[in-house]
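The structure is shown first.

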Amino acid sequence: MMAELSFFMPMEKVPTTTHQQKQVRVVNGKPIFYEPADLEAARSKLTAHLAKHVPDEKYKKGVRLTSWWCFKATGAHKNGEYKTTKPDTDNLVKLLKDCMTDLNFWEDDALVASEVIEKYWADLPGIYIKIEVL
């Protein structure tokens, strides 16, 4: 049975570009979907950080994915305070799960049957990830 996996990816600026920002253009009368430069950069950044933590074996059973998005605490915001402004948690986690699927964390992101997604202001910005077998 796969063990629980948890890790923190420190990053000065947490990617806020979301999967929702894919674009479409029409070429020869056909729609072509593409990722704008900022989405491509966010995908590359997440993939580079996640690549250091890929498990030896893919998860093959249902999992709970916990992600804590820690944004640089500035101004009136204090370490550990919930972040209640954009981006939306559901948009953040979609790109994260896509990157994790591409890196073979699991056979299919449909195995993520439970999600805990939280956003905080933090002195140490980055993303905390925990995967638990259900």
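Is aspartate 102 buried or exposed? Aspartate 102 is exposed, with a relative accessible area of 56%. The model is a predicted one.

## Salt bridges

The count of salt bridges comes to five. One of them joins the side chains of arginine 43 and aspartate 102, at 3.7 Å from N to O. The two residues belong to distant parts of the chain: arginine 43 is in helix H1 and aspartate 102 in helix H2, 59 residues apart. Arginine 43 is buried, at a relative accessible area of 17%, whereas aspartate 102 is exposed at 56%.

Glutamate 132 pairs with arginine 64, and their closest N and O atoms are 3.8 Å apart. This bridge also links distant parts of the chain, with glutamate 132 in strand S6 and arginine 64 in strand S4, 68 residues apart. Glutamate 132 counts as buried at 19% relative accessibility; arginine 64, at 29%, counts as partly exposed. Another bridge is formed by lysine 97 and glutamate 115, where the closest N and O atoms are 2.6 Å apart. Lysine 97 lies in helix H2 and glutamate 115 in strand S5, so this pair ties together parts 18 residues apart in sequence. Lysine 97 is buried at 12% relative accessibility, and glutamate 115 is partly exposed at 33%.

## A buried lysine without a salt bridge

Lysine 119 sits in strand S5, which spans residues 112–122. Lysine 119 is buried but has no salt bridge. The nearest side chain of opposite charge belongs to aspartate 88, 5.5 Å away; a salt bridge requires the nitrogen and the carboxyl oxygen to be within 4 Å.

The side chain of lysine 119 does reach the backbone oxygen of proline 87, at 2.8 Å. Beyond its neighbours within four places in sequence, lysine 119 is in contact with Trp69, Phe71, Glu81, Tyr82, Lys83, Thr84, Thr85, Lys86, Pro87, Thr89 and Leu92.

## Nonpolar core

The largest nonpolar core has 31 residues, of which Leu50, Met100, Phe105, Trp106, Ile129 and Ile131 touch the most other members. Two or more residues each come from strand S1 (5–10), helix H1 (37–50), strand S4 (63–72), helix H2 (89–102), S5 and strand S6 (126–133). H2 gives the largest share, six residues.

Which residues surround tryptophan 106, leaving aside its neighbours within four places in sequence? Tryptophan 106 is in contact with Lys58, Tyr59, Val63, Leu65, Lys97, Met100, Thr101, Leu111, Val112 and Ile131. Among these contacts, Met100 and Ile131 are also listed with tryptophan 106 as core residues that touch the most other members. Lysine 97, another of the contacts, is the residue that forms the salt bridge with glutamate 115.

## Cysteines

How many disulfides does the structure hold? The structure holds zero disulfides. The sulfur of cysteine 70 is 18 Å from the closest cysteine sulfur, that of cysteine 99, and therefore too far for a bond. For a disulfide, the two sulfur atoms must be within 2.5 Å. Cysteine 99 is likewise in no disulfide, its nearest cysteine sulfur being that of cysteine 70.

Both cysteines count as buried: cysteine 70 at 10% relative accessibility and cysteine 99 at 1%.

Notes: Residues numbered from 1 in each chain as written. Predicted model: local features only at pLDDT ≥ 70, side-chain atom pairs only at ≥ 80, totals over all residues. Heavy atoms only, no water. Helix = DSSP H or I, 4+ residues; strand = E, 2+ residues; numbered from the N terminus. Buried < 20%, exposed > 50% of the residue type's maximum accessible area, 1.4 Å probe, protein only. Lys, Arg positive; Asp, Glu negative; His and termini not counted. Polar contact = N/O pair within 3.5 Å; in protein donor to acceptor, adjacent residues only side chain to side chain. Contact = heavy atoms within 4.5 Å. Core = buried A, V, L, I, M, F, W, Y, C linked by side-chain atoms within 4.5 Å.
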